[in-house]
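Please open the model in your viewer and keep the selection tool at hand.

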Amino acid sequence: MAEISETMGTELSPSEEDRKENSETLIFDHKTMRKTKPGLKRLALTLSVFFSFLLGLPWLLKSIEIYRSPLPFRDIVSLSNAIDSKPFLYPCKFHVVFVNLDHSTPVKSNAEKLGFLVTNHMLRFADRNSVCGTCENNYTVSMSLDSGNDCVEYGDVDQERAWRCGALSKLNHDETLKNEDNFDDYLESVVGRNRVYTVVVVNTGEGDRIRSVVGKYRHAWIVGRVSEMNVLAEKVAEIFIKIFVNGLKEEESIQGEFMPAGADGKIVLSFNLLNADPSDWIYDWDFQEVDEKLLAPTLEALGPIANISVESQVLYHTPKSSYSYWDAEQESHVFSTKDLPFFVNSNEWHLDTSIAAGGRSKILQFVVYIPSANECPLRLQLPNGEISVTNGFISPTWGGVVILNPPNCLENTNTNSMHPLIRKVSPQEVNQIFEVFMGQLRQLFGLKSSGFHKGTSGTSLLLASERGFTEWELDVLARQHACYNLRQCGATLGSLSRLVQSLPRMIIKDEIGKQVKFSLEAAKLAQSNASQGIYDASAVSSRHARSLAEDAFFHPSVMSVSYYSFEHNFAVYSPFFLPLSLHVILAVVREMKRYKQETRKYTAWKAARKPEF
């Protein structure tokens with residue numbers, strides 16, 4: 001009985017278990033408690049979706065990233081500031097040779113006085129021509145005194161510029177000095193091919209006036225009796241500054257778009273033979289022979305200035321737009337200079353046919369116009385009433401026109417014939433035509449076409465070169481081309497730099513970066529060559545620098561894409577990704593709140609079940 005009662009004492013009676021369950025039921029609140037621990041499955045699934053979305057965000061940003069090749073902005077700004085802050089000056093070296101053939105005149109005193117006066121006049125002329133591409137005050141002047149038996153050097157004279165003593169004492173001066181071409185070649189052999197501008201003053205002690213001649217190389221000479229040293233010094237200084245440095249150009253003509261070279265440094269010379277009415281006569285020419293014999297030396301001489309190509313064509317049915325009238329006194333049809341703007345018939349003259357002439361290359365049109373029988377002979381009347389000797393004219397930055405009248409066209413009128421006269425331009429006519437074309441090309445480059453220069457100190461004779469351009473004229477063109485090209489290069493690169501920095505979403509390809517880099521290198525090389533006085537190399541480098549800068553600025557990838565800001569990207573992609581991102585973020589927030597709430601319920605249930613002591 002004792003064992004049974006003990007066992008029964010340890011067990012709970014049914015009534016006690018019911019009371020315990022009833023007490024738990026009274027403690028448990030369905031709103032604030034839960035009996036089971038909340039699971040992590042829903043939270044883990046929601047967070048996995050959220051983190052996968054975050055991991056995909058960099059890929060999205062990478063897919064809309066704009067590639068931008070790094071550009072040397074500091075170097076571009078430095079180049080632009082260097083070009084704008086100070087003028088582009090070249091070092092020039094001048095040498096005066098005083099040859100005293102009249103031994104009665106004291107050599108040393110006159111030469112010293114001449115050197116002092118020349119320097120003062122050069123300073124005066126240089127102050128008037130402070131423009132880019134000139135020497136301004138960056139020059140040196142030296143002198144050599146040659147009395148026939150002895151020579152004395154004054155100033156900074158190196159061995160390259162040293163005058164050969166007695167070089168003129170053994171010549172027949174009466175014949176040699178009168179033949180300008182021979183004396184010019186002889187001086188070239190004496191002075192040598194160095195980049196020094198030399199003026200030789202030969203005091204013969206004869207005559208009442210002095211004679212000034214500018215050769216086709218880099219020297220000039222003044223011959224005669226030296227009486228007034230001030231006039232002589234002014235003439236020497238004028239030759240140095242106005243001719244050798246400025247190329248007989250006025251200050252206004254140097255500024256602006258004064259050169260016909262294109263932005264890419266290329267020029268296309270298009271020669272056109274126009275038959276106004278082929279029913280009267282048909283003209284043709286052998287242009288290949290013209291190109292090889294007449295144009296090749298000129299193109300070679302202008303090689304450092306521009307990359308020049310040549311083309312030709314023969315056109316028919318090309319009447320002019322202006323009218324002419326019959327002048328009985330001249331026995332020809334005449335048109336005046338007032339009609340020149342209407343002479344070129346743009347509707348009938350299809351001149352721009354070259355594929356190579358597209359882009360930024362400059363095209364110069366040279367037209368040989370064959371008038372019809374109804375207006376032959378056709379002549380140009382100048383404003384002073386005289387008939388033009390060349391019978392041609394130029395149009396700035398466009399080209400030139402020469403009118404070729406068939407010989408005896410009044411007698412050979414063949415209007416009733418069914419077979420027009422077929423004729424080839426004779427070699428003599430070709431030489432005359434291209435002599436005019438050469439003068440027109442010189443004018444288009446801004447040079448004088450006449451053989452004389454009338455200055456403040458007198459008139460100087462200008463010798464012509466077989467190539468069409470003398471060496472000192474090529475130096476002038478090279479200096480001014482290099483200066484102009486570097487200014488345009490700096491302006492173009494500066495504009496590209498500002499454009500790129502203002503558009504953060506602009507695509508910059510590696511090709512553009514390389515073009516900008518090579519352009520800066522070429523510009524620095526041009527500046528280095530210019531500081532050393534190497535004019536032609538400076539012109540070539542500046543031409544490449546400008547061409548590369550233009551290629552970078554007008555790159556197809558730059559011109560063909562419409563650039564937009566980051567706000568535009570946000571507006572485009574937000575309708576697709578903003579709703580999804582909001583749903584994911586709200587789901588994560590909602591799930592976190594739910595998990596925390598359920599965890600608090602379970603904690604409250606556990607706290608309520610603890611026995612009370």
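A residue is called buried under 20% relative accessible area, exposed over 50%, and partly exposed in between (1.4 Å probe, protein chains only). This is a predicted model, in which local features need pLDDT of at least 70 and side-chain atom pairs count only at pLDDT 80 or more, while totals for chains, interfaces and linings use all residues. Residues are numbered from 1 along each chain as its sequence is written, and side-chain values use heavy atoms, with hydrogens and water left out.

The structure holds 14 salt bridges; the term denotes a side-chain nitrogen of Lys or Arg within 4 Å of a carboxyl oxygen of Asp or Glu.

First, select Lys216 and Asp184, whose side chains form a salt bridge at 3.4 Å, N to O. Lys216 lies in the loop between β5 (211–214) and β6 (219–224) and Asp184 in helix α7 (residues 180–191), so this pair ties together parts 32 residues apart in sequence. Helices (H or I, at least four residues) and strands (E, at least two) are DSSP runs, numbered from the N terminus. Both Lys216 and Asp184 are buried.

Asp185 counts as partly exposed, at 35% relative accessibility.

Now select Arg195 and Asp536, whose side chains meet in a salt bridge of 3.2 Å, N to O. The pair links distant parts of the chain, 341 residues apart: Arg195 is in the loop between α7 and β4 (197–203), and Asp536 is in helix α14 (residues 535–553). Arg195 is partly exposed, with a relative accessible area of 31%.

Finally, select Arg34, Glu598 and Lys601, which salt bridges with shared partners join into one network.
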